Amino acid sequence: MDASGVRVHEISKSFPVPDAPGTNRLALSGTSFSIAAGELVSLVGPSGCGKSTLLRLIAGLDVPDSGDLLVGSAKIVGPSAERGLVFQDPNLFPWLTVRRNIEAGLVALGVLREKRNEVDEFMRLVGLEAFANAYPHHLSGGMAQRVALARALINHPKVLLLDEPLGALDAFTRMRMQDEVLRLWENRRTTMLLVTHDIDEAIYMSDRILIMTPTPGRIDRQIDIDLARPRDRTDDSFLRFRGEILEHLHFAGNAAGAPA
Amino acid sequence: MNVDAALTNERSRLPWWMQLAVPVASLVTFGTHLLIAQNAPSLETHSYLLLFWEIVGVSVVLSIAQLFWPALRKWMRHMWPIFTAAILLLGVWDMVTVGLHLLPLPYFPGPAAVLRSLISDRGLLLDSTWHSLVLLVSGYVLGVFVGLVSGVCIGWSSPVRYWGMPLLKVVGPIPATAWIPIAMVVSPSAFMSSAGLIALAVWFPVTMLTASGISNTRASYLDVARTLGAKRLYLIFRVAIPAAVPNIFIGLFMGLGASFLTLVVAESVGVKSGLGWYVSWAQGWAEYGKVFAALIIMAAFFSTVMTLLFKLRDRVLVWQKGIIKW
């Protein structure tokens, strides 16, 4: 497999139930899929189906109970700069200016001095040169999320994990940011895994969509979106994909809720 | 248009009654003094008179200067009512003590007598203030340093928290001044023991607030930093500590208050110098004018130190500007 592809193999993960000590809730059970290098894959599914858990596992922030996680041929053993993560909340460090936030990854790796000029490049890339010395609370939601993207990309991660990064934005900013993320992706061809609730967003952006079923989370269905980019949200084939996924999620919801 | 012009005019001028407030208040207060204090020593009246001439003179000069200096005008607009009230309050004080004898002498001298003590004993007062400053700074800096280190350790590491927290909770709440008998025996010099007590008083709130700030660092900040390749030192020094700084400053302020208290007590019991010592020494001689003089110096001294800490916080926490109201 390519050096920056991701392979998730038979992953299981359970969490203790806070209300009932000693019992565990299975969040993921035998989940498997893989992402090719440079591919943009979306993960959709109802709330609580373990999408974010999966992302945290790939980021190395949590450890699975069983199964293997690989980037290229290397096993994931912990968080690393080669796997960037962007949350729905930008989580910018409020005590650092925009520029210092973007530099954070270089400082963490101790390479700020050699790579200082890259910071300018990234600020230009996300169009924030004018806000270099602003503090995060002065930024709008869209701008803050752009800073978060630049911060996650500064170390050139092989994989970028996006946990509903545009979920808190208004509809217009959201569509603009989708194009922005696509532009970054086309520019750098970073492997991306996008968790989203928004089916239109998933169809508009991704090469492939993974549909998850809840409790325990499992990949239920994969759909290749073989539409040329830039995509038209009102196009017939776009709407056909939309109908297909909605139907599937609806069906999946019924099946999960029905008595066995 | 007219209204706008009038408004600008309104803002650009200091109303005449505001300009007159301070000199008039001075005349009223001093007039009161002349009326009620005819038997007072002439030296007291003389220095009191000088003070008011100075206030009147300065207020006249400022009233002229503000015509050409908008920043000064803004400041005067803000401060003049307060100054006026303060000057009138001196008159009330004079009335209550010297005029109507509502408070017993010699415990409550009038403002003129206090001013006289302030002037006549200025050498010793200055020296005492200097000693207090040295002692305060030594104790405070030591307490803050140890408090930050122990706070970060307790906040970050669970084993340290397990062993350290009970100690902190049991030993911390004991008022530092309660340790005085032990400190006297243990320490080689009165200065060292007093500095140690002040440090102890500062250490507790600084440790407590630092530890809680560190352990309450938003987990997502740490997660983000880890995915940026951050190792432990980065997580502690560049994420947890900056995130805890607002909390740490609360600890610094609480510690500063505790340090003033401990300073004054330690000085009056142990060290034979400083403002705390001066107060109890003057009390021993029943020179209450000097007691009040020292209290005035303390007020100026402590509030200056407090203001410096506020300025430091405003500078360090500039990133919070607009998030919270101070």
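In the predicted model, strand E4 (residues 66-71) of chain A is joined to E5(A) by two bridges, and the two strands run antiparallel. Within this pair, A:Val71 has A:Ala74 of E5(A) as its bridge partner. The pair belongs to an open sheet of four strands in chain A, arranged in the order E2-E1-E4-E5 with antiparallel pairing. Strand E2 (24-35) and strand E5 (74-75) of chain A each have a single partner strand and stand at the edges, so one side of each is left without a neighbour in the sheet.

Chain B is divided by the domain assignment into domain 1 (2-119) and domain 2 (122-320). The C-alpha centres of these two domains of chain B are 36 Å apart. Nine residues from domain 1 of chain B and eight residues from domain 2 of chain B take part in the contact between them. On the side of domain 1 of chain B that touches domain 2 of chain B, seven residues are nonpolar, one is polar and one is charged.

Between the chains, 15 residues of chain B are in contact with 21 residues of chain A. On the side of chain B that touches chain A, helix H10 (219-227) and helix H11 (232-269) of chain B are the elements that give two or more residues. The most is given by H10(B), with seven residues. By residue class, the side of chain B that touches chain A consists of nine nonpolar, four polar and two charged residues.

How values were computed
Residues are numbered from 1 along each chain as its sequence is written. Chains are lettered from A and ligands numbered from 1 in the order in which they are written. This is a predicted model: local features need pLDDT of at least 70, side-chain atom pairs count only at pLDDT 80 or more; totals for chains, interfaces and linings use all residues. Two strands pair if DSSP finds at least two bridges between them. Domain bounds come from an automatic or database domain assignment. Two residues are in contact if their C-beta atoms, placed from the backbone, lie within 7 Å. Ala, Val, Leu, Ile, Met, Phe, Trp, Tyr, Cys and Pro count as nonpolar, Asp, Glu, Lys and Arg as charged, and the others, Gly among them, as polar.
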